[in-house]
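Here is a structure to read through with a few questions about how its features are named and judged.

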Amino acid sequence: MAAATTKLLLSDLASTVKSVPSNYIRPISDRPNLTEVQISDGSIPLVDLQVLNGPSRLDTIKQIGQACQHDGFFQVRNHGIPETIINNMLTIARAFFKSPESERLKSYSDDPSKSTRLSTSFNVNTEKISNWRDYLRLHCYPLQDYMHEWPSNPPSFREVVAEYCTSVRGLVLRLLEAISESLGLQRDFIDKALGKHGQHMALNYYPPCPQPDLTYGLPGHTDPNLITVLLQDDVPGLQVLRNGKWLPVSPIPNTFIVNIGDQMQVLSNDRYKSVLHRALVNCDKERISIPTFYCPSPDAVIAPAKDLIDERHPAVYKNFTYAEYYQKFWNRGLDERCLDLFKASTA
C-alpha cells in the first residue's frame, strides 16, 4: 500500500485502492451531498448557433445574453465543428491517459507556470486536500509557439489536438462577437480588450472512484479566464450552482458547454456572472472532459467596459492585468474566489 501512494499520478494509483486515500477525503461539511442536488428536467439553456448568421441573428444574440446574465452557462449545437474533429479529440485524450506511465510522466510537472504539463489534482504545492483527477494542460495559441512542447505520443496527438484547438478558437471568436453585441457594445469590443489573446486547454481524466461521496473531481469553483468551451464524453459529472442548488448537466452528444469566466464578469461590469461549478466522480466509469480556456494575453489590462459604467452602474472592478489575476488564482485555493480581490474601492 505504501508503494501505491508514492505514485505521482492518480490514474496509476486509483485502480490499486479499494478505498479513497485520506488525503482525498473532504471534511463532512464539504462533501458532494447528493440530497442537495436539484432533480429537475430543466437544465442550462441550449442555443442553436445555425441561425447566428441568418435573419434570426438578433434573437440568438438575445438568447445568449439572457443565458450569460441568468445562468452563466449555456450549451451550443450546430456550432460548425465537425463530429469527426470532436470524436478524434476524445479518442486521442483517452489514448493519452491509457499510454504507459513512463510515457505520460515525460510531460509531468508540478510548476503551474509551465505551458505544457501533466499533473494531478489542482495545485499539489499549495492545496491541503487532493482532487480525484489527473490533467494534461496545454497552451495552444499561437499554436506555433507551443505545439512542439506537446506530447509526441500517441503519434497523431499534436495533429489532432491542433485541429481541434483551431476549430474551437473559431467558435469562441463567433461567440465573443455575439456576447459583445448582447451587451450593447461594438461587435469587436471583447476581441480588442484581450490584447494578443491567449488559449489554454486541459484534458481532464477522472478515474473510477471507490467512494465518490467522499471527494470531488473538482470542488466548486469559477473559471479565472474569459470564456470556457467544454467538451465532455458521455459520462455525467458536471454540476452548476443555480439558486443555491447544484444542477447536474447531462452530456448531449455533439454539443459544447459554454461558461462565462471571471474576466467576462469584469468586462460586463457584473451584468454577466461567472458561476460556481464542480465535477463529481463515480465508482463505475472513468470520465474525460476537455475544457478550452480562452483568455486575455498576460499583459492585457482588464477593466469594466466604459459604455457599461454610469451613475447607476459605477465600475465594480479596478483595472488589472490578466497576469496579476492569473497568479492570484493559482496561489489561492481553487474554491476561493479571486474576483473580490479586484473590486474597486468604495471609499
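**Pocket, annotated domain and a helix pair**

Q: What makes the largest pocket a space that can be given a volume, and how much space lies in it?
A: In this predicted model, about 400 Å³ of space lies in the largest pocket, a volume being the space filled by probe spheres set on the grid points. Its lining has 20 residues, and the closest to the centre are H139, Y146, H200, P298 and Y326. Two or more residues each come from β4 (134–141), β5 (198–206) and α9 (322–331), with α9 giving the most, 5 residues.

Q: Where does UniProt place the feature "domain: Fe2OG dioxygenase", and what is the chain like over residues 196–296?
A: The unreviewed UniProt entry places this feature at residues 196–296. Over that stretch the chain is 6% helix and 45% strand, with the end C-alpha atoms 7 Å apart.

Q: Why are α2 and α6 called roughly perpendicular to each other?
A: The axes of α2 (residues 57–70) and α6 (residues 157–182) cross at roughly 80° and come within 9 Å; angles of 65 to 115 degrees count as roughly perpendicular, and the two helices are therefore described in that way.

Q: Which residues of α2 and α6 meet?
A: In α2, R57, I61, I64, G65 and C68 meet L175, E177, A178, I179, E181 and S182 of α6, and the residues of this contact divide into 6 nonpolar, 2 polar and 3 charged.

How values were computed: Residues numbered from 1 in each chain as written. Predicted model: local features only at pLDDT ≥ 70, side-chain atom pairs only at ≥ 80, totals over all residues. Heavy atoms only, no water. 1 Å grid on protein atoms, 1.4 Å probe; cavity = no way out; pocket = protein on both sides within 12 Å on 5 of 7 lines; lining within 4 Å. Helix = DSSP H or I, 4+ residues; strand = E, 2+ residues; numbered from the N terminus. UniProt positions renumbered as here; feature names shortened; annotations may be inferred. Axes fitted to C-alpha atoms, helices over the stretch in contact; angles between N-to-C directions. Parallel < 35°, antiparallel > 145°, perpendicular 65-115°, else oblique. Contact = heavy atoms within 4.5 Å. Nonpolar A, V, L, I, M, F, W, Y, C, P; charged D, E, K, R; others polar.
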